[in-house]
There are 2 protein chains.
Amino acid sequence: MSSEEVGIVYVGRKPAINYVMATTLQINRGVKKIILKARGRAISRAVDVAEIARLKYFPGKLKITDIRTGTDELIEEDGSRRDISVIEIELTTV
Amino acid sequence: MSSEEVGIVYVGRKPAINYVMATTLQINRGVKKIILKARGRAISRAVDVAEIARLKYFPGKLKITDIRTGTDELIEEDGSRRDISVIEIELTTV
């Protein structure tokens, strides 16, 4: 596995620890950069994942190197559209 | 009011639009930089506030210039402690 590979972890409705574990697994396999992606209410959870990974699992070894937000248009089952906020949190090993 | 003043908007449990209005009021009074602060589940709402303000209320005139996260220790009513994630989103008029 190339160390240039970027790992993506999609953060959804499961407990934060599940996504911390997914992040940990990728870093332990040699991935140097992880992007946590979330939208809507899961955004808070993505921040939890970043903070727990940074402080508890890789203290001094993992930094938040970028946080980007944006807006996606979601198409509901009935065809209606609504805007939903998205976040990408970039974690890099140091 | 000095244009160097930084406006702080604490994002809590009310609908996002309330905090968009608080942000709009400060910008219309001449404040050039607003910091949205939120913790826990309100983090998602703070991102909504930033996105709605940026895209709908000040299109092309307001940018997200920094996003910082952190962890605070919260002391519960029973004296127990738990960690809570926090976010600060810096908005600057352009």
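These legends go with close-up views of a predicted model.

In this predicted model, local features need pLDDT of at least 70 and side-chain atom pairs count only at pLDDT 80 or more, while totals for chains, interfaces and linings use all residues. Residues are numbered from 1 along each chain as its sequence is written, chains are lettered from A, and side-chain values use heavy atoms, with hydrogens and water left out.

**View 1. Where chain A meets chain B.** Here 20 residues of chain A are in contact (heavy atoms within 4.5 Å) with 20 residues of chain B. Together the two chains bury about 1300 Å², meaning accessible area (1.4 Å probe) lost on being put together, summed over both. Carbon and sulfur atoms carry 54% of that. Look for S44(A), I67(A) and T69(A): this trio supplies 33% of the area that chain A buries against chain B, more than any other three residues.

**View 2. A salt bridge across the chains.** K56(A) and D83(B) join their side chains in a salt bridge, 3.2 Å from N to O; the term covers a Lys or Arg side-chain nitrogen within 4 Å of an Asp or Glu carboxyl oxygen. Chains A and B have 2 salt bridges between them. On the side of chain A that touches chain B, α2(A) gives the largest share, 9 residues; helices here are DSSP runs of H or I, at least four residues, and strands are runs of E, at least two, numbered from the N terminus.

**View 3. V6(A) in its strand.** You'll find V6(A) in strand β1 (residues 6–10) of chain A. V6(A) counts as partly exposed because its relative accessibility is 36%, between buried (under 20%) and exposed (over 50%), with a 1.4 Å probe and protein chains only.
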